[in-house]
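Here is a short briefing to read alongside the model. Please keep the sequence and the 3D view open as you go.

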Amino acid sequence: MDVYKIKGGNPLQGTIKVSGAKNSAVALIPASILADSPVTIDGLPEISDVFTLQALLEDIGGKVDFQNGNMTIDPTEMIAMPLPNGKVKKLRASYYLMGAMLGRFKHAAIGLPGGCHLGPRPIDQHIKGFEALGAKVTNEHGAIYLRADELRGAKIYLDVVSVGATINIMLAAVLAKGRTIIENAAKEPEIIDVATLLTNMGANIKGAGTNVIRIEGVEKLHGTKHTIIPDRIEAGTFMIMAAAAGDGITIDNVIPFHVEALTAKLREMGVTVEEREEQIFIPKANKLQAVDVKTLVYPGFPTDLQQPFSVLLTQAEGSSVISDTIYSARFKQIDELRRMNADGKVEGQSVLLSGPTPLEGATVRASDLRAGAALVIAGLIAKGETEIQEIVHIERGYSSIIEKLRGIGADIRKETVAENAVITE
Ligand SMILES: CC(=O)N[C@H]1[C@@H](OP(=O)(O)OP(=O)(O)OC[C@H]2O[C@@H](n3ccc(=O)[nH]c3=O)[C@H](O)[C@@H]2O)O[C@H](CO)[C@@H](O)[C@@H]1O
Ligand SMILES: C=C(OP(=O)(O)O)C(=O)O
């Protein structure tokens with residue numbers, strides 16, 4: 001079993017570069033299915049979610065070349081191969097194969113997705129959208145079967161603001177006949193990125209990034225070249241790390257506007273955040289003040305940064321409350337942080353943290369992607385050595401994390417240890 005071992009306490013200094021956005025990448029790659037000629041996407045992160053999607057596109061007959069973050073996908077010989085099991089379970093975003101394959105082939109069979117366990121993650125709004133467009137949708141033995149004689153534009157009001165449903169409906173609607181209107185759409189930057197790719201492929205989409213998206217269906221889509229946006233969640237993770245363990249860190253390849261909710265919270269805590277054009281500089285932080293945080297849909301504070309942020313709050317003076325309004329069970333990092341001496345208590349959808357508490361190295365488990373990122377930050381500030389198990393979750397979303405952190409002075413390495421050292425409780 002592979003683990004990360006971190007010796008805490010090194011002052012981190014220098015420049016750390018953010019990769020392309022995971023949550024864009026995992027939608028841009030399936031979007032290529034809709035084209036009738038090759039699509040090139042530059043700047044993709046080298047993470048397991050991207051490798052898994054590459055393999056899935058190859059399984060359905062796509063020809064994929066992926067080198068140095070640049071992927072060219074030739075979709076011309078793809079077929080509507082059913083994908084009820086296997087790789088689709090390894091990531092959440094395999095649900096985008098439903099929208100893209102339904103859009104192109106008018107039928108698809110895709111297993112229910114995997115991804116982080118954060119409480120219930122239904123896909124009823126995706127299905128409501130596909131049905132409104134004219135698809136018959138059934139759930140058979142854990143796989144979703146979709147079939148339409150013809151897709152027709154429709155007005156779809158999302159009952160919950162959902163990133164996945166908004167993008168999936170866009171994917172299914174761009175080749176449908178007539179006009180689709182998505183109301184109460186999600187507004188995340190990744191949605192704009194996907195709409196930009198689809199538009200450059202020939203789609204007619206207006207309003208991406210607002211809560212009403214209008215799509216006029218077109219007859220066909222062609223290949224294009226696209227550069228992905230930077231990962232605002234990776235950038236945010238590095239900003240939190242800089243506030244917790246930095247001695248002057250520049251975060252490179254970031255759009256400061258995308259991380260404004262975090263910047264505001266860091267400033268409220270007493271952290272200096274200098275915004276530059278495509279960089280953010282965070283000097284060494286001194287005394288940190290406790291703050292309360294509530295996660296919200298974009299442009300609110302992202303749920304994906306709540307877990308890393310909880311580590312910073314263990315170092316702040318006073319009591320803080322984090323409430324996660326998006327996911328009911330996204331606090332698995334707290335038990336692990338308690339092993340490291342943190343003072344945190346989960347109550348329903350909130351966690352109460354008190355500090356400052358010096359953290360101590362321990363053997364801990366990354367239950368999910370951002371819990372893993374939280375534990376990496378905790379390990380960097382803890383006294384002694386921290387071993388993080390189940391790093392497979394971390395590698396779903398952070399590209400070259402070891403190399404990047406070593407580049408700013410962290411003592412972190414990946415090691416293979418015996419299975420009997422695994423934490424089970
Ligand atoms: C691959 C990807 O982009 N993942 C992101 C995406 O996940 P994902 O697209 O799965 O998240 P959604 O925005 O869909 O979920 C938001 C909320 O809506 C609920 N919901 C969603 C769909 C649905 O059909 N029914 C329903 O009830 C979910 O349970 C959750 O409470 O957005 C989340 C919220 O910003 C992020 O944490 C994830 O990193
Ligand atoms: C929850 C996340 O990812 P996914 O939706 O892919 O599980 C995340 O990126 O924090």
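Predicted model: local features only at pLDDT ≥ 70, side-chain atom pairs only at ≥ 80, totals over all residues.

Residues are numbered from 1 along each chain as its sequence is written, and chains are lettered from A and ligands numbered from 1 in the order in which they are written.

**Domains and annotation**

- The domain assignment of the protein chain gives domain 1 (2-19 + 230-421) and domain 2 (22-227); such bounds come from an automatic or database domain assignment.
- The C-alpha centres of domain 1 and domain 2 are 30 Å apart.
- Across the boundary, 18 residues of domain 1 are in contact with 17 residues of domain 2, contact meaning that the C-beta atoms of two residues, placed from the backbone, lie within 7 Å.
- The side of domain 1 that touches domain 2 has six nonpolar, six polar and six charged residues. Here Ala, Val, Leu, Ile, Met, Phe, Trp, Tyr, Cys and Pro count as nonpolar, Asp, Glu, Lys and Arg as charged, and the others, Gly among them, as polar.
- UniProt, in an unreviewed entry, lists residues 7-405 as "domain: Enolpyruvate transferase". UniProt positions use the numbering given here, feature names are shortened, and annotations may be inferred rather than shown by experiment.
- Residues 7-405 are 31% helix and 24% strand, and the end C-alpha atoms of this span lie 12 Å apart. Helices (H or I, at least four residues) and strands (E, at least two) are DSSP runs, numbered from the N terminus.

- The largest nonpolar core has 145 residues, of which Met170, Met239 and Ile377 touch the most other members. Such a core is a set of buried Ala, Val, Leu, Ile, Met, Phe, Trp, Tyr and Cys residues joined through C-beta atoms within 7 Å.
- Domain 1 and domain 2 both give residues to this core, so it lies between them.
- Leaving aside neighbours within four places in sequence, Ile377 is in contact with Ile240, Met241, Ala244, Pro308 and Val311.
- Helix H9 (residues 303-313) is largely enclosed by the rest of the structure, because ten of its eleven residues are buried. A residue is buried if 20 or more other C-beta atoms, placed from the backbone, lie within 10 Å of its own, exposed if 12 or fewer, and partly exposed in between.
- Among the buried residues of H9 are Asp304, Pro308 and Val311.

**The two ligands**

- Ligand 1 has 21 residues around it, and Asn23, Gln125, Ser162, Val163 and Gly164 come nearest. A residue counts as near a molecule or strand if its C-beta atom, placed from the backbone, lies within 6 Å of it.
- Helix H1 (22-31), helix H4 (124-132), helix H5 (163-173) and H9 each give two or more residues to the shell around ligand 1.
- By class, the shell around ligand 1 divides into eleven nonpolar, six polar and four charged residues.
- Ligand 2 is surrounded by Lys22, Leu91, Arg92, Ala93, Gly115, Cys116, Asp304, Leu369, Arg370 and Gly397. This shell has four nonpolar, two polar and four charged residues.
- At least three residues from each domain belong to the shell around ligand 1, and at least three from each belong to the shell around ligand 2.

**Residues to look at**

- UniProt, again in an unreviewed entry, places the feature "binding site" at Lys22 and Asn23.
- Lys22 is found in helix H1 and counts as buried, with 26 C-beta neighbours inside 10 Å.
- Arg232 belongs to helix H7 (residues 232-245) and is buried, with 28 other C-beta atoms within 10 Å. Beyond residues up to four places away in sequence, Arg232 touches Ala21, Pro189, His258 and Val259.
- Gly14, in strand S2 (residues 12-17), is exposed, with 12 other C-beta atoms within 10 Å.
- The C-alpha atoms of Gly14 and Ile408 are separated by 5.3 Å, though these residues are 394 residues apart along the chain.
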